[in-house]
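Here is a short briefing on a structure. Look at the sequence and the 3D view, then read the points below.

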Amino acid sequence: MTTSRDNEKEKMETAVQPNSLAEVAQSHQVKVPGTRALGTGLETRGVHAWFGKHHALANVSLDFAAGTVTALIGPSGCGKSTYIRTINRMHEFIPGAAMAGEVLLDGKDVYAPGTDVTKIRLQIGMVFQKPNPFPSMTIGENVLSGLKLAQIKADNKDDLLEECLERAGLWSEVKDRLGAHGGSLSGGQQQRLCIARALAVRPQVLLMDEPCSALDPGSTLRIEETIRQLSDTMTIVIVTHNMQQAARVSDYTAFFLSDGGPGQMIEVAPTSEIFSRPQDQRTENYVTGRFG
Amino acid sequence: MSNTTTAIPTTPWKASRRERALDTLVFFAALFVSFTLVAVTPLKGKLAYLVIFFLAYALLTSIFKAQQRGSAAAKDALVNSLVAIGAVITVIPVASILATVVKNGLPGISFGLFTHDMALATPTDPLNNGGLLHAITGTIILVVFALILSVPIGILTALYLTEIKGKFTGPIRFLVQAMSGVPSIVAGLFILSAILYPITKSYSGFMGSLSLTILMIPTIARTSEEVLNLIPNDLREAGTALGGTQWRTVAMIVLPAAKSGLVTAIILGVARIAGETAPILLLTGGGDKVNPNSFSGPMGSLPYYIWKSFNAGSPESITRAWAGLLVLVGLVLILFTSARFLGTRKVAK
């Protein structure tokens with residue numbers, strides 16, 4: 001019994017084993033910026049971040065074209081998560097945090113005085129590393145919790161619920177038990193529930209902070225499919241330690257590195273180029289596994 | 001693969017029959033030692049039996065285990081039996097109190113007790129005269145008003161300490177901790193001198209509830225704070241990242257997630273005040289007839305009824321007091337179980 005399941009898992013793992021990361025990256029069409037009417041996208045200009053006196057991130061300027069998937073790779077502690085948390089203003093949640101620079105959504109600075117920070121977070125959704133469904137709510141309530149939290153009225157909640165779960169690739173698994181608790185799902189299902197929850201408020205941008213790091217290969221595959229599908233309608237930024245994942249899902253890849261000081265963005269390019277012809281020696285060392 | 005072989009489920013980690021027999025032997029040996037020692041030495045009384053039995057049992061099991069499995073197992077067995085002794089010693093007084101209350105209180109319990117008050121009876125009357133309806137309603141009203149006042153204040157204090165974490169977090173936490181040590185009579189005197197004498201100038205149930213509130217707030221606030229600190233920060237971040245304001249996130253996610261713990265906090269608060277006597281004596285006056293109005297006139301309560309009945313001193317009145325105690329214990333028990341039930345029903349998926 002166990003052997004057949006093991007075989008299945010093995011098959012799944014071998015199926016996604018690429019010959020080379022660049023080939024994987026080339027297997028899907030790179031999206032050309034500006035071809036979609038999704039707003040002008042997201043830009044960051046000279047972003048720095050501090051935790052107290054600790055300078056965690058220095059001078060990161062990155063553009064995310066509307067409707068693309070960008071992967072942020074780099075060793076632990078190089079500021080990738082900190083960086084995406086400055087984008088939707090979750091960085092300021094940490095006591096002693098400070099930042100510098102501009103984050104522009106559709107050309108407007110999200111840190112401009114008088115900006116409604118809750119509106120910003122509605123437009124820029126986030127999926128966390130650890131699945132965190134709300135324990136006091138059912139599956140259905142979890143998906144729609146964003147609407148309730150932000151006090152948004154939706155006309156047809158049932159349709160929205162189905163649509164979001166469908167897009168997160170979870171509908172067929174939970175449609176008969178929407179009243180069950182979110183905690184009763186498996187880890188991978190919980191993470192897809194969190195993605196569905198983030199989708200329900202219809203964000204323009206979705207930030208994903210290592211969404212698959214705690215998941216098995218099957219669930220990872222499902223979520224990667226979901227990311228590819230979602231990129232038709234939104235801009236996605238995904239932090240990942242898995243370079244094959246970066247190659248599989250992203251159009252662009254940015255490499256972050258800290259040389260002991262604050263984390264920096266070393267290089268950004270279309271994903272296939274990062275994995276085939278990186279410009280920077282440090283990037284090459286990292287993507288070929290000679291470092292870090 | 002190997003579906004053909006039949007396997008018998010066994011539990012090799014459990015004690016074998018021989019070991020269990022040995023354990024029983026040790027138990028009786030310890031019993032024997034305790035009886036002989038009490039018979040031979042000047043040690044006397046129930047307590048001596050108990051102490052000698054425990055010590056002999058702990059010693060004998062460790063010796064047996066040392067022979068069977070070496071010194072590590074012997075130490076393990078010794079600590080195990082010490083822990084068991086500790087548990088039994090803790091349970092004995094509680095069980096003894098409950099047993100005494102039930103034994104002495106049951107003869108005084110009758111149907112009339114719950115339908116009559118003491119307006120036309122004195123504690124020394126025969127037991128079928130009068131009852132403690134006024135005391136039950138009084139205690140319930142006192143506790144309910146104290147709850148209405150202290151639950152919001154206590155939980156809001158806890159929220160200030162855990163969610164807002166403002167400038168005054170340190171001083172407030174210190175004050176709440178200091179307040180939890182306030183003797184109940186001080187709370188009673190405070191209300192007496194600050195509100196009853198200068199303002200209302202008359203006994204009422206509400207004055208009693210106010211003093212109980214002072215006693216209840218620190219218990220609720222401290223326990224709630226601990227419970228809210230256990231809620232993972234992930235949930236707060238998830239709520240905020242979904243576009244919720246801090247208030248919406250706390251109300252929709254943090255508080256529901258902490259619900260069963262908050263109910264426990266409230267139960268502990270009620271447990272703190274349900275039997276309070278001193279402030280009640282000072283502030284509610286202690287009436288002998290049912291007074292449903294908390295804002296005017298003296299109001300009876302179970303602790304007051306018990307105190308008054310004991311003071312009367314006749315056999316009837318003392319039976320009344322025990323019956324009142326039993327009713328108070330039962331009331332608290334009902335409150336606890338219902339609150340527990342309400343608090344955990346939804347969490348247990």
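**Where the chains meet**

The contact draws 23 residues from chain A and 19 residues from chain B. This is a predicted model. On the side of chain B that touches chain A, two elements give two or more residues: α8 (233-241) and α9 (246-257) of chain B.

- The most comes from α8(B), which gives seven residues to the side of chain B that touches chain A.
- By residue type, the side of chain B that touches chain A has eight nonpolar, six polar and five charged residues.

**Elements of chain B**

- How many helices and strands are there in chain B? Chain B has 13 helices and zero strands.
- Follow chain B from the N terminus on, and the elements run α-α-α-α-α-α-α-α-α-α-α-α-α.

**Size of chain B**

- What radius of gyration does chain B have? The value for chain B is 28 Å, whereas a compact globule of 349 residues would have one near 20 Å.
- The C-alpha trace of chain B spans about 80 × 70 × 45 Å along its principal axes.

**Burial and contacts within chain B**

- Chain B has 349 residues, and 36% of them count as buried.
- Take the contacts in chain B between residues at least 6 apart in sequence: 69% of these join residues at least 24 apart.

**To take away**

- Chain B has 13 helices and zero strands, and 36% of its residues count as buried.
- On the side of chain B that touches chain A, α8(B) gives the most, with seven residues.

Key:
Residues are numbered from 1 along each chain as its sequence is written. Chains are lettered from A and ligands numbered from 1 in the order in which they are written. This is a predicted model: local features need pLDDT of at least 70, side-chain atom pairs count only at pLDDT 80 or more; totals for chains, interfaces and linings use all residues. Helices (H or I, at least four residues) and strands (E, at least two) are DSSP runs, numbered from the N terminus. The radius of gyration is taken over C-alpha atoms; the globule rule is 2.2 Å times the number of residues to the power 0.38. A residue is buried if 20 or more other C-beta atoms lie within 10 Å of its own, exposed if 12 or fewer, and partly exposed in between; C-beta atoms are placed from the backbone. Two residues are in contact if their C-beta atoms, placed from the backbone, lie within 7 Å. Ala, Val, Leu, Ile, Met, Phe, Trp, Tyr, Cys and Pro count as nonpolar, Asp, Glu, Lys and Arg as charged, and the others, Gly among them, as polar.
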